Amino acid sequence: MRNSDMQQELVQLGNGAHALATNMLGSRDDAADAVHDAYAIVLNRPAAFDSSKGTLKTWFLCVVRNRCIDQMRRRRQNESLLDNLVDPGARPEQVLETAERDQALGLALAQLGSEQRQVLVLRDYMDLSYAEIAAVLEIAPGTVMSRLHRARMALKEELNRHGE
């Protein structure tokens, strides 16, 4: 197929190609970009057209469809990048709830004995293992487990006492 014949046929396919792209992308502007890219690909590589595999129309619409898929992939990638960049932050009521909970927890912890506070802080705030807590407090690992259990029970009682 001669290049001029190909160009002429592609012009006739323009509206159908644009309709396909608009349907896929939901935006006339994005569709126009996809069709334009498809024209450029087909016209720059006319030898890639193989009439034994189908008509120019099917090949061109396949190229348009692929360009649309590429745009949708890029759009999803950009949206996921934006999602990672944008932190909507907590709502004011969530901030208030968190602050109130932290205050109540701090008051309840203050009511516990020093040993209980230490074991709770090392495990639940510092995220140390039982072995690490045992090394820090210079006690046996079994003692860590029992102290931690008693400290959590005492903390729970304190929070319940204050209605938290």
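In helix 7, the residues Val144, Arg147, Leu148, Ala151, Leu155 and Glu158 are buried. Viewed down the axis of helix 7, these buried residues fall within an arc of 105°, so they line one face of the helix. The model described here is a predicted one. On the face of helix 7 turned away from its buried side, the exposed residues His149, Glu157 and Arg161 are found. The cover over the buried residues of helix 7 includes helix 4 (92-111), helix 5 (114-125) and helix 6 (130-137).

The length of helix 7 was also examined. Helix 7 comprises 21 residues (residues 141-161), which at 1.5 Å a residue should span 30 Å; the C-alpha atoms at its ends are 30 Å apart, in agreement with this expectation. Helix 7 is followed by Gly163, which has a positive phi, near 75°.

The packing of helix 7 against helix 5 was then considered. Two packed helices are described by the angle between their axes and the distance between the axes. For helix 5 and helix 7, the angle is about 100° and the axes lie 9 Å apart. The two helices are therefore roughly perpendicular to each other. Helix 5 contributes Glu115, Gln116, Val119, Leu120, Arg123 and Asp124 to the contact, while helix 7 contributes Val144, Arg147, Leu148, Arg150, Ala151, Arg152, Ala154 and Leu155. By class, this contact of helix 5 with helix 7 consists of 7 nonpolar, 1 polar and 6 charged residues.

Conventions:
Residues are numbered from 1 along each chain as its sequence is written. This is a predicted model: local features need pLDDT of at least 70, side-chain atom pairs count only at pLDDT 80 or more; totals for chains, interfaces and linings use all residues. Side-chain values use heavy atoms; hydrogens and water are left out. Helices (H or I, at least four residues) and strands (E, at least two) are DSSP runs, numbered from the N terminus. The expected span of a helix is 1.5 Å times one less than its number of residues. Buried means under 20% relative accessible area, exposed over 50%, partly exposed in between (1.4 Å probe, protein chains only). The arc is that of the directions from the helix axis to the C-beta atoms. Contact means heavy atoms within 4.5 Å. Axes are lines fitted to C-alpha atoms, for helices over the stretch in contact, and angles run from 0 to 180 degrees between N-to-C directions. Angles under 35 degrees count as roughly parallel, over 145 as roughly antiparallel, 65 to 115 as roughly perpendicular and the rest as oblique. Ala, Val, Leu, Ile, Met, Phe, Trp, Tyr, Cys and Pro count as nonpolar, Asp, Glu, Lys and Arg as charged, and the others, Gly among them, as polar.
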